[in-house]
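Open your viewer and get ready to click along. We will go from stop to stop, selecting a few residues each time.

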Amino acid sequence: MTFKYSVTLPISGGDKLRRFRDWVEQHLPDLSYSLPQQTPVKTETMTIRLLSVDDRARLLNAWAIAQPATPEGP
């Protein structure tokens, strides 16, 4: 598969990759995407690669409605 399209989403805190996977499983279970190998804790965004412009629109619409929870800090 070639993931030609991308979207950069605001997401902060630790464990971004797991939280994003859990969120996609709940909101867009049929979405095909590619995540980076890792993301630093300090970053405030994450870029997701997608197969089509339609997938990008679906992701952005679902993201606008419900974003993943931010983990509680100490």
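Helices (H or I, at least four residues) and strands (E, at least two) are DSSP runs, numbered from the N terminus. The model is predicted, so local features need pLDDT of at least 70, side-chain atom pairs count only at pLDDT 80 or more, and totals for chains, interfaces and linings use all residues. Residues are numbered from 1 along each chain as its sequence is written, and side-chain values use heavy atoms, with hydrogens and water left out.

**Stop 1: a lysine in a helix**

Select Lys 16, which lies in helix α1 (residues 16-27). Is Lys 16 buried or exposed? Lys 16 is buried, meaning under 20% relative accessible area, where exposed is over 50% and partly exposed is in between (1.4 Å probe, protein chains only). For charge, Lys and Arg count as positive and Asp and Glu as negative; His and the chain ends are not counted.

**Stop 2: over to the glutamate**

Now pick Glu 44, in the loop between β2 and β3. Setting aside neighbours within four places in sequence, Glu 44 is in contact (heavy atoms within 4.5 Å) with Leu 9, Pro 10, Ile 11 and Ser 12.

**Stop 3: the strands**

Next, select β3 (residues 45-50): Met 46, Ile 48 and Leu 50 form its covered face, while Thr 45, Thr 47 and Arg 49 form the uncovered one. Two strands pair if DSSP finds at least two bridges between them. Which way do β1 and β3 run? Strand β1 (residues 5-10) is antiparallel to β3, joined by six bridges; Pro 10 has Thr 45 as its bridge partner. Strand β2 (residues 33-34) also pairs with β3 in the antiparallel sense, over two bridges, and there Tyr 33 partners Leu 50.

**Stop 4: the core**

A nonpolar core is a set of buried Ala, Val, Leu, Ile, Met, Phe, Trp, Tyr and Cys residues joined through side-chain atoms within 4.5 Å. The largest one has 16 residues, and those touching the most other members are Leu 9, Phe 20, Trp 23, Leu 28, Met 46, Ile 48 and Leu 59. Two or more residues come from each of β1, α1, β3 and α2, with α1 giving the most, four.

**Last stop: a threonine**

Finish at Thr 70, in the segment after α2 (53-65). Thr 70 and Ser 12 are 58 residues apart in sequence, yet their C-alpha atoms are 6.9 Å apart.

Methods: Salt bridge = Lys/Arg side-chain N within 4 Å of Asp/Glu carboxyl O.
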